[in-house]
Amino acid sequence: MTGVARRTFGARVALDRAGVAAHTGASRSTVNHWYRNRERTGFPDAFTDDTGAEWFWQDEVDAFHAAHRTAKLAVLTRIDRSGDPHELVGSGEAARILRYGSYRNLPDELRDHPDDVEILSDGRLRRRWHRRTVWAIADARTGRQSTGRTPGTTGAHKPHPYADDPRLQVAVDLLVEADAAGRDRRGLGVELARRLGVPQRTAQRLLTAAESNDGLRHRRGSV
């Protein structure tokens, strides 16, 4: 670790936020989340040096991170791993598997990447996941190697995360409409998010996938 990420005060080592991220292996946004919610997460308080720079004692960060990992692993032991790993389950069952009180608590990495999506007659989406996918998400969030995906069951590699996702066609249609009307692309993510009932960042990823996929570009060009 070099630069301002680490500094010694007397005989005690301190880290700045970038240093905490590098030291724990967490993203900078995760470190910010830990600090912002430190009354709940238990993340240590910062102190400042004579220049006003913010620092965290490394030994306190280590103690926090060890406790954080232990808590995450404790949650992992409560995950329901019963049932057929290939079975598709809805958001309610996925939440139950993860021991969440509501499907609204499902993590974005699960919600944004369903294994199967059905567009209902009223335009709402019904997302479903293989049980093994839900288990893998739980394992990834705790740093444990997934045991839910049986060797040889992964399936064909998709050209991008949203291949075969029916929401992708909605994104393509919106791009076609915008091109035909001569509309600016700005704001399409908001409109797509509204149409699909998904977070704006998911909508933007779908638009990016729709734009970057050669087959879809050709289809758009033929409309």
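In this predicted model, helices α8 and α9 are oblique to each other. Helix α8 covers residues 167–181, and the angle at which it packs against α9 is about 135 degrees, with the two axes 11 Å apart. The crossing of α8 with α9 is right-handed. On the side of α8, the contact is formed by R167, V170, A171, L174, L175, E177 and A178, and on the side of α9 by L188, E191, L192, R195 and L196. Sorted by class, these residues comprise eight nonpolar and four charged ones, with no polar residue.

Helix α9 itself spans residues 188–196, and its buried residues are L188, G189, E191, L192, A193 and L196. Directly after α9 comes G197, which has a positive phi near 70 degrees.

**A second helix pair**

Two packed helices are described by the angle between their axes and the distance between the axes. Where the two helices meet, α1 contributes R17, A18, V20, A21 and T24, while α2 contributes R28, V31, N32, W34 and Y35. The classes represented in this contact are six nonpolar, two polar and two charged residues.

**The chain as a whole**

The protein chain contains 11 helices and seven strands. Of its 223 residues, 38% are buried. Among contacts between residues at least 6 apart in sequence, 52% join residues at least 24 apart.

**Individual residues**

The following table lists the accessibility of several residues.

| Residue | Relative accessible area | Class |
|---|---|---|
| Q58 | 14% | buried |
| D80 | 12% | buried |
| L168 | 7% | buried |
| R38 | 29% | partly exposed |
| T208 | 46% | partly exposed |
| R99 | 48% | partly exposed |

Why does Q58 count as buried? Its relative accessible area is 14%, and a residue is called buried because its value lies under 20%. Q58 belongs to helix α4, which runs over residues 58–77. Apart from neighbours within four places in sequence, the residues in contact with Q58 are R6, V13, A14, L15 and H23.

D80 is located in the loop between α4 and β5, the latter being residues 88–89. With a relative accessible area of 12%, D80 is buried. Which residues does D80 touch, not counting those up to four places away in sequence? They are R96, I97, R99 and W135.

R99, one of the residues touched by D80, is placed in the loop between α5, residues 91–97, and α6, residues 108–111. The phi of R99 is near 65 degrees, which is a positive value in a residue other than glycine. Its relative accessibility is 48%, so R99 counts as partly exposed.

R38 is found in helix α3, which consists of residues 38–41. When residues up to four places away in sequence are set aside, R38 touches F43, P44 and D45. A relative accessible area of 29% makes R38 partly exposed, because that class lies between the limits of 20% and 50%.

**Residues separated along the chain**

L168, a residue of helix α8, is buried at 7% relative accessible area. The C-alpha atoms of L168 and A203 are separated by 9.3 Å, and these two residues are 35 residues apart along the chain.

The other pair is T208 and V172, which are 36 residues apart in sequence and 9.8 Å apart in space, from C-alpha to C-alpha. T208 has its place in helix α10, residues 200–212. With 46% relative accessibility, T208 is classed as partly exposed.

Notes. Residues are numbered from 1 along each chain as its sequence is written. This is a predicted model: local features need pLDDT of at least 70, side-chain atom pairs count only at pLDDT 80 or more; totals for chains, interfaces and linings use all residues. Side-chain values use heavy atoms; hydrogens and water are left out. Helices (H or I, at least four residues) and strands (E, at least two) are DSSP runs, numbered from the N terminus. Buried means under 20% relative accessible area, exposed over 50%, partly exposed in between (1.4 Å probe, protein chains only). Contact means heavy atoms within 4.5 Å. Ala, Val, Leu, Ile, Met, Phe, Trp, Tyr, Cys and Pro count as nonpolar, Asp, Glu, Lys and Arg as charged, and the others, Gly among them, as polar. Axes are lines fitted to C-alpha atoms, for helices over the stretch in contact, and angles run from 0 to 180 degrees between N-to-C directions. Angles under 35 degrees count as roughly parallel, over 145 as roughly antiparallel, 65 to 115 as roughly perpendicular and the rest as oblique. A crossing is left-handed if the near helix is turned anticlockwise from the far one by less than a right angle, and right-handed if clockwise.
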